[in-house]
Amino acid sequence: MPRQQKDANGHKLTLVTRTTQADERRGEREERKMLSSRAAAAAAPISVPTVAALRTKRPSLFSTFIAIPTLRFSGGNICLCSSRRSSSRMYSNSIVSSAAKPLQDPDKLIDSVETFIFDCDGVIWKGDKLIDGVPETLDMLRSKGKRLVFVTNNSTKSRKQYGKKFETLGLNVNEEEIFASSFAAAAYLKSINFPKDKKVYVIGEDGILKELELAGFQYLGGPEDGGKKIELKPGFLMEHDKDVGAVVVGFDRYFNYYKVQYGTLCIRENPGCLFIATNRDAVTHLTDAQEWAGGGSMVGALLGSTQHEPLVVGKPSTFMMDYLANKFSITKSQICMVGDRLDTDILFGQNGGCKTLLVLSGVTSLSMLQNPNNSIQPDFYTNKISDFLSLKAATTV
Ligand SMILES: [Mg+2]
């Protein structure tokens with residue numbers, strides 16, 4: 001801590017204590033101690049006040065999952081975030097894992113799994129542009145009898161709308177193979193038998209509404225509330241629907257104060273009202289010029305006003321992985337998760353007990369992967385998925 005002092009001539013001096021090597025070693029010891037105590041806390045179920053209260057009020061909603069924190073590193077910071085995991089499985093995200101290996105023998109990886117789960121943006125396409133070699137790679141994997149599944153945290157589109165995007169890009173992908181977080185939100189509500197006489201308030205875009213409609217749930221909000229304003233006249237009170245039993249929050253370009261207040265009232269005042277997040281992504285790529293505030297910013301606003309932790313259904317929460325494994329009867333060790341983000345895709349695969357492959361065709365560079373502050377290490381990394389073909393060619397020459 002700098003100290004102020006005056007010299008003999010009355011000049012102000014700032015004294016700074018020099019850090020010795022012994023001080024640094026002491027600091028490192030304390031940091032290690034703190035990390036291990038946090039890791040211990042992460043390994044044990046926690047009592048999130050909201051979840052605990054809901055569990056008491058509506059035990060049927062919590063028959064399958066428990067909420068535990070996920071310990072992860074992000075740019076040198078340690079974050080504790082709530083995720084939902086099957087109570088029957090052990091917490092599998094390790095703090096320190098061995099360094100990722102470059103993919104050298106794709107055949108070995110292909111032969112060791114029966115299913116490939118692909119993230120979309122940064123893996124299959126970038127914005128509206130298909131990444132080189134994707135159609136041929138998918139065709140090769142299909143010809144080998146591999147099951148292909150496409151998972152995205154982007155909730156702005158429904159499965160059907162994503163199906164159209166695949167088609168426009170010339171990819172032959174069935175709607176049943178696509179799992180967006182908009183679908184995951186509806187699937188989660190179905191999995192807990194969310195009462196059909198209750199309503200869902202949506203902060204998010206069209207994709208969530210379409211999936212809720214397909215699943216037969218009543219909803220309100222969404223794009224319709226995008227233009228709503230609040231006039232803060234003396235005595236003004238916002239009414240809200242007491243039949244709202246869940247608030248679903250996803251990425252929303254038309255996010256506003258009306259939606260924050262409406263969602264907050266539902267969560268705080270409607271007994272047992274769930275707070276569901278499609279994802280907590282810090283950033284998203286709306287244009288290729290810069291990173292934009294992601295779905296996590298909308299979720300964070302509601303978290304701030306309600307002081308309740310959301311139930312996350314998108315990556316890296318394992319809800320979608322559990323859902324896929326059940327739906328297709330897949331053993332998770334027979335899955336390879338392929339993605340371009342460490343803190344969502346790779347963590348999602350690792351949380352699910354799958355093999356993981358990082359591609360450098362999206363947001364993660366080799367230097368980010370190899371940064372000493374990054375502890376999320378996939379099993380393998382490669383430049384892009386078409387390396388499955390080029391490396392294969394190279395190894396068979
Ligand atoms: Mg991606």
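Start with the confidence scores. Across the protein chain the average pLDDT is 81, and 74% of the residues reach at least 70. Two stretches call for care. Residues 11-24 stay under 50, and the model gives them 13 contacts beyond four places in sequence. Residues 31-96 are also below 50 in pLDDT, with 90 contacts in the model beyond near neighbours in sequence.

Where pLDDT is low, the predicted coordinates should not be read in detail. Keep that in mind before reading anything into the contacts of residues 11-24 or those of residues 31-96.

## Where H6 meets H7

Now for a pair of helices. H6 covers residues 181-191 and H7 covers residues 206-214; their axes sit 8 Å apart, and the packing angle is about 35°. The crossing of the two is right-handed.

Which residues make the contact? From H6 come Ser182, Phe183, Ala185 and Ala186, while H7 brings in Gly207, Ile208, Glu211, Leu212 and Leu214.

## A look at Arg268

Arg268 belongs to helix H8, which spans residues 257-269. Is Arg268 buried or partly exposed? Arg268 has 14 C-beta neighbours inside 10 Å, so this arginine counts as partly exposed; the buried label would take 20 or more.

Note on methods. Residues numbered from 1 in each chain as written. Predicted model: local features only at pLDDT ≥ 70, side-chain atom pairs only at ≥ 80, totals over all residues. pLDDT = per-residue confidence, 0-100. Contact = placed C-beta atoms within 7 Å. Axes fitted to C-alpha atoms, helices over the stretch in contact; angles between N-to-C directions. Helix = DSSP H or I, 4+ residues; strand = E, 2+ residues; numbered from the N terminus. Left-handed = near helix turned anticlockwise from the far one by under 90°. Buried ≥ 20, exposed ≤ 12 C-beta atoms within 10 Å, placed from the backbone.
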